[in-house]
Amino acid sequence: MKSIGIIDYYINEWHADNYPAWLDEANSELGTDYKVKYVWAELDESLWNGLKTDDWCEKFGAEKCATIKELCEKSDVVMILAPSDPQTHLAYAEEAFKYAKIIYIDKTFAPDLETARKIFALSEKYKVPFFSSSALRYSSELDDLGNCSAMIITGGGSNLNEYIIHTCEIAIRMMGFDQYKVDVIKQKDQRIIRCVGKEKEFTICYARPYDFSVCAQNEGNGKHVRLRSAFFNGLLKDVVRFFETGKCSFDTRQTLQVMALRDAILEADATDKTVVSVEV
């Protein structure tokens with residue numbers, strides 16, 4: 001058995017509650033044996049429902065650690081979660097990368113592109129393999145869409161700041177990186193986000209109740225798919241593969257590209273600029 005250590009802002013949150021079961025499924029399919037054995041949380045009480053770290057550990061058969069140092073020394077590999085609190089990721093990474101353990105960092109990878117670059121610099125400094133991704137990258141419905149020249153992506157969630165990462169991940173996976181120009185049209189809580197590059201263009205439609213879907217144009221033909229596959233299962237399977245090999249299944253520079261796109265969207269939304277350029 002190989003032990004996973006989870007670093008979190010508070011441990012009882014949706015990802016930490018569900019990842020152990022998906023890890024079990026990945027182990028069963030891949031013939032591996034990774035288990036969450038160690039936990040460190042900055043806050044002892046969950047902001048989600050008040051559950052304490054000790055209660056979570058008892059439920060999932062894990063051991064609470066007093067420090068990130070203790071967790072990293074005991075664990076074979078590390079997961080930095082705190083999906084709703086990416087402002088914590090840099091400080092956690094600054095501690096965890098010192099111990100040369102392979103690391104997965106949950107989405108949203110960082111609060112902004114500048115911080116994302118600092119985490120990449122830590123990886124270079126300590127020679128530690130890591131990756132990060134939205135689970136939506138692993139939607140199997142995306143696999144057969146081919147080389148798209150234009151796309152409409154829909155997606156929702158409780159707030160733009162946290163949930164736009166999913167549609168950005170889909171866009172970069174499918175469209176690649178270009179010197180996109182971004183503008184945002186506001187309709188109350190809804191957003192229509194236009195991204196135009198030199199060769200490709202796409203539109204992201206955000207509204208809280210939206211399902212995730214893609215309408216792709218390829219060689220004059222259009223295809224609409226709703227993203228309903230088990231994308232979180234796909235993510236955790238790839239995390240386990242990464243723990244085994246230390247090699248990411250995609251070019252990790254795309255993580256910076258996703259962050260650059262997110263930054264441009266949030267800047268355009270916050271400042272009402274007509275156009276914001278996306279630059280890595």
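Tutor: Let's start with a word you'll need: a residue is buried when its relative accessible area is under 20%, exposed when over 50%, and partly exposed in between (1.4 Å probe, protein chains only). This is a predicted model, where local features need pLDDT of at least 70, side-chain atom pairs count only at pLDDT 80 or more, and totals for chains, interfaces and linings use all residues. Residues are numbered from 1 along each chain as its sequence is written, and side-chain values use heavy atoms, with hydrogens and water left out.

Student: Okay, which residues of α7 are buried?

Tutor: Helices (H or I, at least four residues) and strands (E, at least two) are DSSP runs, numbered from the N terminus. In α7, the buried residues include Phe-231, Phe-232, Leu-235, Leu-236, Phe-242 and Phe-243, and also the charged Lys-237 and Asp-238. With 11 of its 15 residues buried, α7 is largely enclosed by the rest of the structure.

Student: What covers the buried residues of α7?

Tutor: Look for contact, meaning heavy atoms within 4.5 Å. The cover includes α1 (14-30) and the strands β1 (2-8), β2 (34-41), β4 (77-80), β5 (103-105) and β6. Just after α7, Gly-246 takes a positive phi of about 70 degrees.

Student: How do I read a pair of aromatic rings?

Tutor: A pair is described by the distance of the ring centres and the angle of the planes. Rings of Phe, Tyr and Trp (its six-membered ring) pair if their centres lie within 6.5 Å; planes under 30 degrees apart are stacked, over 60 edge-to-face, and the rest tilted. Searching the whole structure turns up 19 aromatic pairs. Take Phe-120 and Phe-130: their centres are 5.0 Å apart and their planes sit at 80 degrees, so they are edge-to-face. Phe-120 is in helix α5 (residues 113-126) and Phe-130 in strand β6 (residues 130-131), so this pair ties together parts 10 residues apart in sequence. Phe-120 counts as buried at 15% relative accessibility, and Phe-130 does too, at 7%.

Student: Which residue has its charged end over the ring of Phe-250?

Tutor: A charge sits over a ring if NZ of Lys or CZ of Arg is within 6 Å of the ring centre and within 35 degrees of the ring normal. Here, Arg-137 has its charged end over Phe-250, 3.8 Å from the ring centre. Phe-250 also belongs to an aromatic cluster with Tyr-34, Tyr-104, Phe-131, Phe-242 and Phe-243. Likewise, the charged end of Lys-107 sits over the ring of Tyr-163, 5.5 Å from its centre.
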